[in-house]
Amino acid sequence: MTEQRRDQRDERDVRAVAEGAGAAHGAPETGRRHASDEEVHAWEALVATARRTVSDGLVVGTSGNVSVRVGDTVLVTPSGVPYDRLAPDDLTGVDLTGRQVLGTLVPTSELPMHLAIYRSTDAGAVVHTHAVHATAVSTLVSELPSIHYMTSALGGPVRVAPYATYGTEELAENMLRALTDRFGCLLQNHGTITYGAGLDQAYDRTAQLEWMCRLWLTASSIPGRTPSLLSPEQVAQAGERLRGYGQRG
């Protein structure tokens, strides 16, 4: 079955596969529907982002998960499926209550965290990883020290959400508190979660958070030395400058 999906990826048009999958499962009785063109394209981008988390070393195996919002539908990586095996007909989507409306694969077990963010913010995409340096930091402190001015890109010092069992509403609630006025947080003894307007921004914030955690761990490891940290005022000033960063128009 897995090999057949891989072959289909190369042989079938993405849109045709998505529509064919819906027809094959024929499923009005389950409340599921055909994917729109926008959802099919968003799924392609989601799968590419999920694979990037693996190639960049932010997750191992099937750890971590990615979602993107299209209207009132949230497309999510399915539970327990390696990202390199995801095919167009694996498209998985839920509404904002968590009811599955697209696909037949079981959504990620971390769906409560993703939905909590979409219900509480204007997020367009969410990325959750088990990045090693960030996870290490989550076991040491309650907040990542302001080691670099890119702290401001995440809204300020990154908090650590207290530990709770994965996939639970308790974890989602702890995460939301840590995300107050922030675009990302660490999950104690677990990993990271960030969100953004789209997949690129959510992913960039994840990568930046992992880099800052690695930087702090490296600086903190020098015997007899203590890293210098930025003041809240310095972080705020950097944030003001970052708002005008990059190309315009």
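Predicted model: local features only at pLDDT ≥ 70, side-chain atom pairs only at ≥ 80, totals over all residues.
Me: Axes here are lines fitted to C-alpha atoms, over the stretch in contact for helices, with angles from 0 to 180 degrees between N-to-C directions. So at what angle do helix α3 and helix α7 pack?

Reply: About 15°, with the axes of α3 (residues 37–55) and α7 (residues 199–220) 10 Å apart. α3 is therefore roughly parallel to α7 (the label covers angles under 35 degrees). Helices here are DSSP runs of H or I, at least four residues, numbered from the N terminus.

Me: Which residues of α3 and α7 make the contact?

Reply: On α3 they are A42, A45, L46, T49, R52 and T53, and α7 supplies L199, Y203 and D204 (contact is heavy atoms within 4.5 Å). By class, that contact has 5 nonpolar, 2 polar and 2 charged residues.

Me: Switching topic: how do α4 and α6 cross?

Reply: Their axes come within 8 Å and cross at roughly 40°, with α4 spanning residues 111–120 and α6 residues 169–178. The two helices are therefore oblique to each other.

Me: And which residues of α4 and α6 meet?

Reply: P112, M113, A116, I117 and S120 of α4 meet E169, L171, A172, M175 and L176 of α6. This contact has 8 nonpolar, 1 polar and 1 charged residues.

Technical notes:
Residues numbered from 1 in each chain as written. Heavy atoms only, no water. Parallel < 35°, antiparallel > 145°, perpendicular 65-115°, else oblique. Nonpolar A, V, L, I, M, F, W, Y, C, P; charged D, E, K, R; others polar.
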